[in-house]
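Open the model in your viewer and keep the sequence panel beside it. The stops below say what to select and what is there.

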Amino acid sequence: MFRTTATPAERSRRRAERRAGADYTGGVYGSMLASSVVIGAGSLGQFPRTELVLLLLLTGVVFWTAHVHAQLFGARLAQQAPDRALVLHVCRDEWPIVKAAVPPAVAVAISPLLGLDVRGAVWLALCVAVVGQIGWSVAAARRAGASPRLIAVTASVNLFLGLLIIVFKIVLKH
């Protein structure tokens, strides 16, 4: 049996529908997760940048897997048996958790090009993760049609949470 391929217009329409129904919770969560990975990394080994990049990305994948598993077998199994379409839907919905780990990992990877030592790379990654957290939350508020005031409050709350994470990093001193 042959499957017909979607036209470019149909693919574009599907992408627009997915964007319209996008949930940014995973992005905010993933950015906070990336921040916590950076502050909890402690002593890194012989290849600290590589280790931190892998730690960020792999932690994102592990938590993405955990969220997909929880959605499929925790909440959804009681409502319906998971089929291929549902599994793909849940995987796609939770993917922002992994996507949020990418910018801090890239920041660490390019930090030598910026002349940063490992400590500078860690701080850069932490700042990028906090900015990502704020960006995801603002995108969610805008997508939801929030007023400019509510968008500002959302950004402020996430900035506060990000600064709190930075304070934890300063207090941990490792």
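Colour by pLDDT, the predictor's confidence in each residue, from 0 to 100. Among the elements of the protein, helix α1 (residues 8-20) has the lowest mean pLDDT, 61, and α6 has the highest, 95. The average for the protein is 83, and 85% of the residues score at least 70. Where pLDDT is low, the predicted coordinates should not be read in detail. This is a predicted model, in which local features need pLDDT of at least 70 and side-chain atom pairs count only at pLDDT 80 or more, while totals for chains, interfaces and linings use all residues. Residues are numbered from 1 along each chain as its sequence is written, and side-chain values use heavy atoms, with hydrogens and water left out.

**Whole chain**

Switch to cartoon. The secondary structure comprises eight helices and zero strands, in the pattern α-α-α-α-α-α-α-α along the sequence. Helices (H or I, at least four residues) and strands (E, at least two) are DSSP runs, numbered from the N terminus.

Now show the surface. The accessible surface comes to about 10,800 Å², and 66% of that area belongs to carbon and sulfur atoms. Accessible areas come from the Shrake-Rupley method with a 1.4 Å probe; for residues, only the protein chains shown count as cover. Of the 174 residues, 33% count as buried; buried means under 20% relative accessible area, exposed over 50%, partly exposed in between (1.4 Å probe, protein chains only). Contact means heavy atoms within 4.5 Å. Among contacts between residues at least 6 apart in sequence, 73% join residues at least 24 apart.

**Nonpolar cores**

Select Val 38, Leu 52, Leu 56, Val 108 and Leu 126. These are the residues with the most contacts inside the largest nonpolar core, which has 19 residues. Such a core is a set of buried Ala, Val, Leu, Ile, Met, Phe, Trp, Tyr and Cys residues joined through side-chain atoms within 4.5 Å. The elements giving two or more residues to this core are α2, α3, α6 (102-110), α7 (118-143) and α8 (148-172). Its largest share, six residues, comes from α7.

Move to the second, separate core of seven residues, which includes Val 68, Leu 72, Leu 86 and Cys 91.

Return to Leu 52 and list its partners. Apart from neighbours within four places in sequence, Leu 52 is in contact with Ala 41, Leu 44, Val 108 and Val 122.

**Aromatic pair**

How many aromatic pairs does a search of the whole structure find? The search finds one. Select Trp 64 and Trp 95: they form an edge-to-face pair, 5.1 Å centre to centre, with 90° between the planes. Rings of Phe, Tyr and Trp (its six-membered ring) pair if their centres lie within 6.5 Å; planes under 30 degrees apart count as stacked, over 60 as edge-to-face and the rest as tilted. The pair links distant parts of the chain, 31 residues apart: Trp 64 is in helix α3 (residues 48-75) and Trp 95 in the loop between α4 (84-94) and α5 (96-99). Trp 64 counts as buried because its relative accessibility is 17%, whereas Trp 95, at 37%, is partly exposed.

Select Val 28 in helix α2 (residues 25-40). Val 28 counts as buried, at 16% relative accessibility. Its C-alpha atom is separated by 7.5 Å from that of Gly 132, 104 residues apart along the chain. Beyond neighbours within four places in sequence, Val 28 is in contact with Gln 133, Trp 136, Ser 137 and Asn 158.

Finish on Ser 137, in helix α7. Is Ser 137 buried or exposed? Ser 137 counts as buried, at 5% relative accessibility. With neighbours within four places in sequence left aside, Ser 137 is in contact with Val 28, Thr 154 and Asn 158.
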